[in-house]
Amino acid sequence: MNVKPIKTCGIWVILLAMIWSLGLGTRALTRPDEGRYAEIGREMAVSGDWVTPHLNGIPYYEKPPLQYWATAFSIDLLGPTPLAARLWTGLLGFLGILASAFFARRLFGTEAGWRAPLLLAGTFYYTALGHINTLDMGVTVWMFLAVGCFLLAQQESSPRFWMTLAWGATAAGFMSKGLMALALPGGTLVLYTLFTRDLSPWKKLHPFPGLPLFLLLTLPWFWLASRVHPEFLWFFFIHEQFDRYTTTLHQRVEPVWYFIPILLAGLFPWTLVALRATGNTLLRSHGRHFSPARFLAIYALFVVVFFSLSGSKLPDYILPAFPALVLLSARQLSLRPGPFPLSPPLLLTLGGAFFGVTALLFRFPTLPESLGWSLGMDPDMIPGYQNFSYWIATAAALSLVLGYLAHRQRALPDHSLKTVAIGTLLVTQLLLSGSNTLADFQSGVTLAHRLGPRFAAASHLYSVNTYDQTLDFYLQRTVIPVAYQDEMAFGLSLEPQHFIPTLEKFKPLWASDLGALAILPPPLYDVMKNQGFPMHLLFRDAHRVIVART
């Protein structure tokens, strides 16, 4: 056995893990998503109720509980910290990197196998979302594992084993975000069959023991949750799955091309490599045998088209396409003779120029006004953006230097790829770390520290016509919503005693609740003052007002 390649591989895994873990625990949690999913996990850890997720003490059934369980477990171990809140997302993101190496090697050979993890770790969007506490990285990686195991089942000698793993990963994806974990891989299989007229993959699905395993891993929670709140099943499957996709009920309406610029920018700096790899895979002949590459290409395109047709769009939705596109890119680069492609070093260099201009604008936000246009910055946020500009400038310098170095290394393709990949990973980490300069406006952490003793001593905390999930997490207590429902509407319909529906009903309660604090949006402060609410102003900025009943 040649020990040297194994040792080298181990060194690279450790290096990637070290860089990947940077910043997971140092940045403040931001609203709304990071605060929401951290707070649900915190409340689960505190209450010990692992059946009904709660947000602000109110039942929250929008998504399945796998990530909440994992976050509650990490909070039990590490305490209510940003690291505990992001740990599941960060670990799964890195698992996806390791899985890309495994699948690329088994499907496309050793050369693709070592390139794939570097490409994925050096993909801007994948790395960024691997360090932000949302549900999308979890469902992305579980679906990637399911698709990868399905592909291995088509060409390995033990298809039942690989398909059993695929069914298990699909169940984990379903318990992370719902039906999309079934719809996207399943829809891809249908499209692949229609496109190639190849029915052979259907013969290796092995629904037994796969389907019983899937049901065993998913049904118990749905049964237990429906015993507590029978209305939950309708809300979860109809309102949150079908209505979210087919209607504009959630008011996240965007044009059909919305995801195209996100995809192109998110693949930075591998954009042109990935597009060429996907196009070549779809257009070239694969004969009559099953083609893993073609299946991955159809899967990636289907993810983008599927969500482009949805009535509800958020930028994170197309993340599942990225691991598949990276595998295709790794395969393309492993087959490509000659020097390293020009586009990744060039895009890294151009990215540096873009970051440089952005840093200049953030440092001198009034500069564009001389040209007749404005950045539209909130005046209170200008100092934060100016501090952020130093981080962006550092990222710009690193991009320019490493982009130039990678270009000089093109005659040594392996060196050039590593330089671009590690450079992009470092640049992304710099930008993420620098974004913490905006924590005063993206998070409740500073406010919680500034008024911590007052919040702790308050008889009640009221949140009037607003709700900041991060504040709950940092204060480690819930608030009473007033004239506000939004995402808590279904939970409040189940337990309406947890909120005050109108200002009129709130006024006498507030007047008699000495020692209470209230959080308000700034315009509402003047309205309540004019209506005779007795209030003592404790804090005010452009985004929130804190008042006391004294």
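A disulfide, for this talk, is a pair of cysteine sulfur atoms within 2.5 Å. By that cut-off the structure holds zero disulfides. Before the details, some ground rules. This is a predicted model: local features need pLDDT of at least 70, side-chain atom pairs count only at pLDDT 80 or more, and totals for chains, interfaces and linings use all residues. Residues are numbered from 1 along each chain as its sequence is written, and side-chain values use heavy atoms, with hydrogens and water left out.

Take Cys9. Its nearest cysteine sulfur belongs to Cys149, 19 Å away. That is too far for a bond. How accessible are the two? Buried means under 20% relative accessible area, exposed over 50%, and partly exposed in between, with a 1.4 Å probe and protein chains only. Cys9 has 48% relative accessibility, so it counts as partly exposed. Cys149 has 7%, so it counts as buried.

Now the helices. They are DSSP runs of H or I, at least four residues, numbered from the N terminus. Helix α7 spans residues 136–155, and helix α14 spans residues 292–308. They pack at about 155 degrees, axes 10 Å apart. Axes are lines fitted to C-alpha atoms over the stretch in contact, and angles run from 0 to 180 degrees between N-to-C directions. That makes α7 roughly antiparallel to α14; the cut-off is over 145 degrees.

Who touches whom? Contact means heavy atoms within 4.5 Å. From α7 come Met143, Val147, Phe150, Leu151 and Gln155. From α14 come Pro292, Phe295, Leu296 and Tyr299.

Methods: Helices (H or I, at least four residues) and strands (E, at least two) are DSSP runs, numbered from the N terminus. Angles under 35 degrees count as roughly parallel, over 145 as roughly antiparallel, 65 to 115 as roughly perpendicular and the rest as oblique.
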